[in-house]
Amino acid sequence: MEEKLKRAAAYVRVSTETDTQDGSYEVQTEYYRKLITSDPTLEFAGIYGDRKSGRYMKDRPELQRLLRDCRNGKVHMIFCKSISRFARNMRECVATVRKLKTYGVSVRFERDGIDTDTMQGEFIFSIMAAIAAEESNSISQNLKSARNRALQTGRLWHQPRYGFRHNSQKDWII
């Protein structure tokens with residue numbers, strides 16, 4: 001009986017015009033096309049790529065198309081350069097990877113050395129997710145603290161609203 005090949009795809013993303021100018025998008029695309037097509041255990045399922053910020057997964061059309069294709073059984077494995085190329089928000093990243101796992105889809109983050117199909121990769125991914133979540137929480141707390149200190153000393157925290165501007169003392173002027 002013939003063994004069924006895993007359908008593998010890659011997700012590539014560049015977030016700035018500089019990334020695009022450096023040819024990063026094209027380099028990632030070509031690298032993953034060669035990587036997948038040269039592996040006899042894999043069937044090439046495509047390259048999905050966005051040329052925009054990674055802050056929110058819902059705002060990236062190609063990533064959303066990839067996730068739909070995974071849900072519909074068209075993709076069994078995703079290759080991605082790094083966790084930060086896949087998602088900037090670790091909470092969202094973890095939830096997505098967990099959801100993909102329920103579809104039988106694994107994710108391989110090459111630079112991070114993580115393959116969610118292995119016990120070790122899943123363990124490392126979980127640890128990194130916990131660290132990233134704590135880092136995000138710490139940044140949030142630091143920003144709240146800085147804002148409160150600024151407000152207590154009478155300094156402005158936000159940019160002037162419509163119809164106002166700052167003077168040299170950073171007061172709002174109509």
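Is Arg108 buried, partly exposed or exposed? I looked it up: Arg108 is partly exposed, because its relative accessibility is 28%. A reminder to myself before going further: this is a predicted model.

**Entry: the partner of Arg108.** I followed the side chain of Arg108 to Asp115, and the two meet in a salt bridge with 3.1 Å from N to O. Asp115 has 13% relative accessibility and so counts as buried. I also noted a network in which Arg98, Lys101 and Glu122 are joined by salt bridges that share partners.

Entry: Next I looked at Lys6, which forms a salt bridge with Asp117, with 3.2 Å between the closest N and O atoms. Lys6 belongs to strand 1 and Asp117 to the loop between strand 5 (114-115) and helix 6, so this pair ties together parts 111 residues apart in sequence. I found Lys6 partly exposed at 30% relative accessibility, and Asp117 partly exposed at 47%.

**Entry: helix 3.** Arg65 is partly exposed at 32%, and Glu62 is partly exposed at 21%.

Which residues of helix 3 are buried? I listed Leu63, Leu66, Leu67, Asp69 and Cys70. They lie on the same side of helix 3, because they cover an arc of only 160 degrees around the axis. Their cover includes strand 1 (6-14), strand 2 (42-51), strand 3 (77-80), helix 4 (83-86) and helix 5. After helix 3 comes Gly73, and I wrote down its positive phi, near 80 degrees.

**Entry: Thr96.** I then moved to helix 5 (residues 90-102), where Thr96 is found. Thr96 is buried, with a relative accessible area of 13%. Leaving out residues up to four places away in sequence, Thr96 touches Met57, Leu67 and Phe86. A polar atom of the Thr96 side chain lies 2.8 Å from the backbone oxygen of Glu92.

**Entry: a surface patch.** Last, I noted that Phe123, Ile127 and Ile131 make a nonpolar surface patch of about 310 Å². Ile127 sits in helix 6 (residues 119-152) and is partly exposed at 37% relative accessibility.

Conventions
Residues are numbered from 1 along each chain as its sequence is written. This is a predicted model: local features need pLDDT of at least 70, side-chain atom pairs count only at pLDDT 80 or more; totals for chains, interfaces and linings use all residues. Side-chain values use heavy atoms; hydrogens and water are left out. Helices (H or I, at least four residues) and strands (E, at least two) are DSSP runs, numbered from the N terminus. Buried means under 20% relative accessible area, exposed over 50%, partly exposed in between (1.4 Å probe, protein chains only). A polar contact is a pair of N or O atoms within 3.5 Å; within protein, one must be able to donate a hydrogen and the other to accept it, and residues adjacent in sequence count only if both atoms are side-chain atoms. Contact means heavy atoms within 4.5 Å. Patches are made of residues with over 30% relative accessible area and no salt bridge: like charges are joined within 9 Å, nonpolar side chains (Val, Leu, Ile, Met, Phe, Trp, Tyr) within 5 Å. Accessible areas come from the Shrake-Rupley method with a 1.4 Å probe; for residues, only the protein chains shown count as cover. A salt bridge is a side-chain nitrogen of Lys or Arg within 4 Å of a carboxyl oxygen of Asp or Glu. The arc is that of the directions from the helix axis to the C-beta atoms.
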